[in-house]
Number of protein chains: 2
Amino acid sequence: MNDFVRIVEVGPRDGLQNEKQLIATADKIELIDRLSATGLRSIEATSFVSPKWVPQLADAAEVFAGIHKKPGVSYPVLVPNEQGYERALAVGATEVAVFTAASEQFNRTNTNAGIDESLQRFEPILARANRDGVRVRGYVSTVLGCPYQGEVPLADVVRVATRLHAMGCYEISLGDTIGVGTPHKARAMLQAVAAEVPMAALAVHFHDTYGQALANIATCLDEGVRVVDAAVAGTGGCPYARGASGNVASEDVVYMLHGMGMSTGVDLPALAATGNWLAERLGRQTGSKTGKALTVS
Amino acid sequence: MNDFVRIVEVGPRDGLQNEKQLIATADKIELIDRLSATGLRSIEATSFVSPKWVPQLADAAEVFAGIHKKPGVSYPVLVPNEQGYERALAVGATEVAVFTAASEQFNRTNTNAGIDESLQRFEPILARANRDGVRVRGYVSTVLGCPYQGEVPLADVVRVATRLHAMGCYEISLGDTIGVGTPHKARAMLQAVAAEVPMAALAVHFHDTYGQALANIATCLDEGVRVVDAAVAGTGGCPYARGASGNVASEDVVYMLHGMGMSTGVDLPALAATGNWLAERLGRQTGSKTGKALTVS
């Protein structure tokens with residue numbers, strides 16, 4: 001089995017968007033440039049959602065324009081609709097990401113649209129992206145549970161992931177948005193989706209709300225997934241559990257992968273140093289245990 | 001496969017012995033009594049090592065005498081030698097634990113004795129325990145790495161575990177003392193030991209220094225282990241990486257097990273409340289992500 005795992009670093013977007021402490025534009029640019037230097041191949045740079053929703057990322061255009069685009073590295077940006085797509089394109093984005101939930105109730109609460117309406121909204125984006133030579137990644141959130149409806153049927157996850165793939169997303173990131181999943185459930189979910197969408201087009205995205213993320217990732221790696229989303233310093237949080245842990249920390253994921261004999265192309269000490277630097281900017285302890293251990297030992 | 005997992009709660013001993021903040025004897029007793037009420041079946045209460053080495057546990061006799069011994073719950077105590085065994089017996093302990101490393105260098109540095117010398121020292125303890133009707137648990141530390149010698153050969157882990165079992169220890173706890181292990185290494189180690197010692201006589205003991213503990217535990221559960229050591233609130237730390245994370249948090253382990261459809265007999269909200277209470281006594285945040293999520297949500 002292929003032992004290269006691509007880490008999709010989502011800290012600058014998914015991580016920061018849930019951090020209260022506002023970060024200066026220059027620091028965001030420095031963060032991404034430092035991440036580029038670690039050997040990461042995919043770094044989600046920012047989000048072109050409305051600044052009303054995500055004040056932390058109101059400087060999306062400046063950040064994207066300011067970063068050094070390292071050859072061989074992708075810098076996807078999140079776009080909620082065609083307007084966001086146009087803003088992303090205007091600053092030169094060559095990869096975007098769209099998102100919908102597997103939970104109808106979650107999607108309605110967060111985007112004022114049902115899942116089918118969201119998917120329809122993405123159709124013109126995917127059509128334009130196809131013409132513009134822009135790659136599109138698709139996020140499916142709440143794949144292992146929803147703060148409103150609780151259980152999310154596997155069939156709903158499979159349906160949404162399959163639709164996004166059929167619409168032209170080159171990769172589908174399956175997100176346990178509220179971090180409630182455990183290994184056997186994660187495996188069952190991944191198996192169900194992989195029965196319809198090729199494993200090579202799937203990524204896993206775990207939040208560490210209950211500390212389960214790495215265990216879930218290890219199980220999904222055993223099933224064959226080779227793309228893992230993570231955020232340096234474990235930034236983010238859970239808007240549904242204030243004060244809870246955020247995204248799984250990239251440093252801890254890379255430590256595990258290297259320990260398993262897998263390769264990532266990432267320089268772990270450089271990544272950990274970047275995470276610790278970011279935690280300082282956020283005025284809090286790093287959320288990465290590996291980051292802590294490598295600093296203090 | 002049997003789906004009951006016994007948690008051996010090691011917080012009052014392994015957790016607290018690495019916490020700088022001294023805890024009042026009455027609080028230790030309250031901690032253990034609260035843990036007893038959660039449904040845990042094994043709670044390591046304290047250690048009869050010299051107070052010179054572990055000032056936090058200088059009140060071992062008072063703590064053991066003060067706790068309410070709930071019927072059906074074991075309260076093992078750590079003993080380093082015959083003198084410790086006698087002190088434990090004097091206060092009515094019916095289960096003790098002995099410990100040695102798999103790494104020769106670690107054992108020499110920490111106990112001024114080679115592994116074989118440590119094992120010889122345990123022989124009279126095991127003989128007396130056998131006569132006294134006292135059960136003995138054996139700890140093997142540094143099973144996945146040593147801060148001094150680095151790699152620890154599997155053969156050394158197997159040799160020490162096999163010896164302890166042959167000497168009469170009813171259970172051997174395999175400890176990744178410095179938390180450097182990752183899932184595939186943990187699996188290989190457990191498989192190697194289980195080829196010589198029955199799986200039913202094995203426990204796993206992971207520290208979360210690099211955030212790998214739950215992933216390792218999940219892998220070992222897949223291999224068939226059904227006893228897991230953990231510390232409420234993730235107390236402890238790593239003397240070889242100051243400021244690093246401690247034992248895997250019991251709350252996170254129980255959350256995972258229940259999510260996997262396994263049973264523990266433990267009331268998770270009561271356990272999390274106990275962990276959060278303990279963290280307050282220690283004047284720091286809980287080390288359990290589940291504890292955090294359950295408090296704040």
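A:Glu30 lies in helix 2 (residues 25–37) of chain A. The model is a predicted one. A:Glu30 is partly exposed, because its relative accessible area of 35% falls between the cut-offs of 20% for buried and 50% for exposed. A:Glu30 and A:Thr100 are 70 residues apart along the chain, and their C-alpha atoms are separated by 30 Å.

**Sheet of chain A**

- Chain A has an open sheet of nine strands with parallel pairing, and the strand order is 2-1-9-8-7-6-5-4-3.
- Strand 2 (42–43) and strand 3 (46–47) of chain A are at the edges; each has a single partner strand, so one side of each lacks a neighbour in the sheet.
- Strand 8 (residues 202–206) and strand 9 (residues 227–230) of chain A run parallel and are joined by two bridges.
- Within this pair, A:His205 stands opposite A:Asp229 of strand 9 of chain A.
- Helix 8 (residues 183–194) of chain A packs on the sheet, where it touches strand 7 (171–176) and strand 8 of chain A. The direction of helix 8 of chain A makes about 155° with that of strand 8 of chain A.
- Strand 4 (residues 77–78) of chain A is also joined by two bridges to strand 5 of chain A, and the two run parallel.
- The bridge partner of A:Leu78 in strand 5 of chain A is A:Ala97.
- Strand 5 (residues 95–101) of chain A has six of its seven residues buried, so this strand is largely enclosed by the rest of the structure.

**Sheet of chain B**

- In chain B, nine strands in the order 2-1-9-8-7-6-5-4-3 make up an open sheet, with parallel pairing.
- Its edge strands are strand 2 (42–43) and strand 3 (46–47) of chain B, each of which pairs on one side only.
- Strand 1 (residues 6–9) and strand 2 of chain B run parallel, with two bridges between them.
- Opposite B:Val8 stands B:Ser42, in strand 2 of chain B.
- Helix 10 (residues 250–259) of chain B packs on the sheet and touches strand 1 and strand 9 (227–230) of chain B. The direction of helix 10 of chain B makes about 175° with that of strand 1 of chain B.

**Helices 9 and 10 of chain A**

- Helix 9 (residues 213–223) and helix 10 (residues 250–259) of chain A have axes that come within 11 Å and cross at roughly 40°.
- These two helices of chain A are therefore oblique to each other, and their crossing is right-handed.
- From helix 9 of chain A, A:Leu214, A:Ile217, A:Ala218 and A:Leu221 meet A:Asp252, A:Val253, A:Met256 and A:Leu257 of helix 10 of chain A.
- By class, this contact has seven nonpolar, no polar and one charged residues.

**Helices 7 and 8 of chain B**

- Helix 7 (residues 154–167) and helix 8 (residues 183–194) of chain B pack at an angle of about 45°, and their axes are 9 Å apart.
- Helix 7 and helix 8 of chain B are therefore oblique to each other, and the crossing is right-handed.
- Helix 7 of chain B contributes B:Leu154, B:Val157, B:Val158 and B:Ala161 to the contact, and helix 8 of chain B contributes B:Ala188, B:Met189, B:Ala192 and B:Val193.
- The residues of this contact divide into eight nonpolar, no polar and no charged.

Notes:
Residues numbered from 1 in each chain as written. Chains lettered and ligands numbered in written order. Predicted model: local features only at pLDDT ≥ 70, side-chain atom pairs only at ≥ 80, totals over all residues. Heavy atoms only, no water. Axes fitted to C-alpha atoms, helices over the stretch in contact; angles between N-to-C directions. Helix = DSSP H or I, 4+ residues; strand = E, 2+ residues; numbered from the N terminus. Parallel < 35°, antiparallel > 145°, perpendicular 65-115°, else oblique. Left-handed = near helix turned anticlockwise from the far one by under 90°. Contact = heavy atoms within 4.5 Å. Nonpolar A, V, L, I, M, F, W, Y, C, P; charged D, E, K, R; others polar. Buried < 20%, exposed > 50% of the residue type's maximum accessible area, 1.4 Å probe, protein only. Pairing = 2+ DSSP bridges.
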